[in-house]
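Dear colleague,

I am passing on the structure below, followed by some notes on what was found in it. Please read the notes with the structure open beside them.

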Amino acid sequence: MGSRQVTSWQGKNITVAGLGVSGVSAARALAGLGAVVTVVDGGDSEGHRERAAELEAAGISVRLADAETLPEGTDLVVTSPGWKPDSPLFEAAAAAGVDVVGDVEIAWRLRGPDAAPWLAITGTNGKTTTTQMLASILKAAGLKTAAVGNIGTPIIDVVLGEEPYRDLDVLAVELSSYQLHWAPSLRVHSAAVLNLAPDHLDWHGSMEAYAADKGRIYEGNTVACVYNADAADNKATENLVMEADVEEGCRAIGFTLGAPGPSMLGVVDGILVDRAFVDDRQKNAQELAEVADVNPPAPHNIANALAAAALARAFGVKPSAVRDGLRAFRPDAHRVSHVDEVDGVTYVDDSKATNTHAAEASLAAFDPIVWIAGGLAKGATFDELVQRSAKRLRAAVLIGADRALIAEALARHAPQVPVVDLERTDTGAMLAAVREAARLAEPGDTVLLAPACASMDMFANYNKRGDAFADAVRELAAEKA
């Protein structure tokens, strides 16, 4: 992926904040480039000590149980994405005149002159699915690519050409608001902001700051800024495009679930169509795929497919590759995943719906619904979600620490909907929730796990929560067999 300027890192004193996946990747990469690296982390568990020992064996210093003191002589701090901007370590860095950047910024600086272009994606919801869809489309076009970044593969490893990421043609890059906050010099080929809804406001401090960090993805785009043109998103992403400083000739490309205007992608009679990357876009449209080619064909996922298609078309991909890539794509588990059908009732796992925006999109895909919801609200409110989804609800089964907030919203805006409030938080709580949902459901209904909350009050993560739901459904099916 081209040469890189190793000498600029030689002898530099770099402090890496965080001993997670991205922190370990950054530490190893920078040490390999000749930097003197110290990793700091507030934890001191057995896992922390094991990772520290591995790094120390590679000549990297690690300081556990102290994440607040800036190591003496630090030239640059490289932070893991989740560390808050007001962390004491960063306040100490600011006082010392030391910059703080993230792993994405380091990866961008390490790119060589022949580096693969980046097609970047962010948004409150749908980032991972859209990034994977984009990678599938690019592969269908015969391009060597990988889905990287916030999706789980450290971007530094990719940029440095670690196996199996050598000689790639283009990267499909998922970026979180955290990563964008710490990446001031990022300038990609084309980018998309899928949607904007309140999330992580405890980290960013305000909705305005959160949106501004998302909008950084458009800065310096060279070909296309892809935005959500539907009124349901209040044109928030289009406003970010208008505010961005882009390269001359870069175009604003909208996507919509309705009929597209010029310079947009949209849907006409069950067909995904392109009126952006065609000759005479005032009069012509190019068929890309059918709605049925999108898996699953829920409205929010069709929007994801349109955004992925727009980025691929911005990179010159042919229409047939968009169709073939969407057909080949299979979503990850716990994302609107069909689990089973029992006694005429469909059971769907969308444990990944960890906030109200994602849950609303999930609820919009089914009717009628017995809704399993609850967990850690993270400061969210549920009135708008319930108001918009009430007509689809047959009943609700509530679990988790903040279930009362959802129960109160249901009482205010959907008093006709029966509610079961489960106080249990033990490992059998999900089985109890599924049994209650099965009791309330009628043939033709969907029992939908779309919690609208984080999972950590009851489960290690949303994957474990989804697994518990699927296990409970399978147990129910076995009993009915």
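Strand 4 (residues 76-79) and strand 5 (residues 99-102) run parallel and are joined by four bridges, where strands count as paired if DSSP finds at least two bridges between them, and where helices (H or I, at least four residues) and strands (E, at least two) are DSSP runs numbered from the N terminus. Within this pair, Val77 stands opposite Val100 of strand 5.

This is a predicted model, in which local features need pLDDT of at least 70 and side-chain atom pairs count only at pLDDT 80 or more, while totals for chains, interfaces and linings use all residues. Residues are numbered from 1 along each chain as its sequence is written, and side-chain values use heavy atoms, with hydrogens and water left out.

The axes of helix 5 (residues 127-140) and helix 11 (residues 299-314) come within 9 Å and cross at roughly 45°; axes are lines fitted to C-alpha atoms, for helices over the stretch in contact, and angles run from 0 to 180 degrees between N-to-C directions. The two helices are therefore oblique to each other, since angles under 35 degrees count as roughly parallel, over 145 as roughly antiparallel, 65 to 115 as roughly perpendicular and the rest as oblique.

Elsewhere, six strands form an open sheet with mixed pairing, in the order 15-16-20-17-18-19. Strand 15 (337-342) and strand 19 (419-421) are the edge strands, each pairing on one side only. Three bridges join strand 19 to strand 18 (residues 393-398), and these two run parallel, with Asp421 in strand 19 as the bridge partner of Leu398.

Best regards
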